[in-house]
Amino acid sequence: MALTCADTSATSLSDTQRRPLLSTDPCRIKGGGKEKAAERPHATIEQVLQLAELMGPRWQLMVFVAAFMALRPEEQAELRRRDVDLDKGIVWIRRAAPELCTGERAVGDPKSDAGKRALRIPTELLPEFERHLRWYAQDGEDGLLFVGERGAPFRRSTFGRKWRKARAKLGMDGFRFYDLRHTGNVLAANTGASLRDLMAFMGHNSPRAALIYQHSTEEQQTKISNGISAAVVDIRSARRKRTTGDREAHETLWEEAE
């Protein structure tokens, strides 16, 4: 009995349904379903202080805020005078302004809901904020905190050139400005803060839905900022002692020479 085209198609379809075409998926890549981000480097407090000095007075607060308060670059770009409360020692992060490839500022909300937050300023940084507000921030309550020498919002390209020169002098090639935020997260973790308080400090949403409804206490935020401030004070005190010792030794040599 001869088979018609319809019979042949039905037979072929039946065979295909019963038998897989391939025993394995050719598109599967071993380990391809796993995500594992490379561990980013973090700086020491000494390196942060050196980077700040090399960046110069106008930009050193940006370095400190990134490293000791863990703000994202786009969050710093939209900080304004009204966001800084020196009396209470608080910085409010309300907006962000990432720079697009076109050079335009895309002003909007922070990266996540948790990105809107109030952070304690480490007491060691209060004089830095006062100085910056007096000398470099735009005028007016709505004035930007960080602007270029001509008073316009800072540009990633201009800032990037200075940053690359500074890190190169310290042998830190490849260390990104964003890695200072990682540095701040490490410093905060080292204070012994809980996961919940660390996430509030970093401005991260928790992967666990229950933690969304738990709020960091003001006491814990103060503890984090005080812990970081104390660590910075220790390093700065050691640097001053070294400088004083070197100067005294130099003066002694001159006196002996005379």
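**A first chat about this fold**

Q: How many helices and strands does the chain have?
A: There are 9 helices and 3 strands in the chain. Both are DSSP runs numbered from the N terminus, with helices being H or I of at least four residues and strands E of at least two. This is a predicted model, where local features need pLDDT of at least 70, side-chain atom pairs count only at pLDDT 80 or more, and totals for chains, interfaces and linings use all residues. Residues are numbered from 1 along each chain as its sequence is written, and side-chain values use heavy atoms, leaving out hydrogens and water.

Q: What pattern does the chain follow along the sequence?
A: Reading along, you get α-α-α-α-β-β-β-α-α-α-α-α.

Q: OK, what about the inside? Which residues touch the most other members of the largest nonpolar core?
A: Those are Val-63, Phe-68, Met-69, Phe-129, Trp-163 and Leu-180, out of 50 residues in that core. A nonpolar core here is a set of buried Ala, Val, Leu, Ile, Met, Phe, Trp, Tyr and Cys residues joined through side-chain atoms within 4.5 Å. Buried means under 20% relative accessible area, exposed over 50%, and partly exposed in between (1.4 Å probe, protein chains only).

Q: And which element gives the largest share of this core?
A: That's α3, with 9 residues.

Q: What is Val-63 in contact with, leaving aside its neighbours within four places in sequence?
A: Val-63 is in contact with Val-48, Leu-51, Ala-52, Met-55, Trp-163, Phe-177 and Leu-180. Contact means heavy atoms within 4.5 Å.

Q: Switching topic: how many aromatic pairs are found in the whole structure?
A: The search turns up 8. Rings of Phe, Tyr and Trp (its six-membered ring) pair if their centres lie within 6.5 Å; planes under 30 degrees apart count as stacked, over 60 as edge-to-face and the rest as tilted.

Q: Why is the pair of Trp-135 and Tyr-136 edge-to-face?
A: Their ring centres are 6.1 Å apart and their planes are at 90°, so the pair is edge-to-face.

Q: Is Trp-135 buried or exposed?
A: Trp-135 counts as exposed, at 51% relative accessibility. Tyr-136, at 18%, counts as buried.

Q: What about the rings of Phe-154 and Phe-159?
A: Their centres are 6.0 Å apart with planes at 55°, so that pair is tilted. Phe-154 is buried at 14% relative accessible area, and Phe-159 is buried at 6% relative accessibility.

Q: Which residues form one aromatic cluster?
A: Trp-59, Phe-154, Phe-159, Trp-163, Phe-175 and Phe-177.
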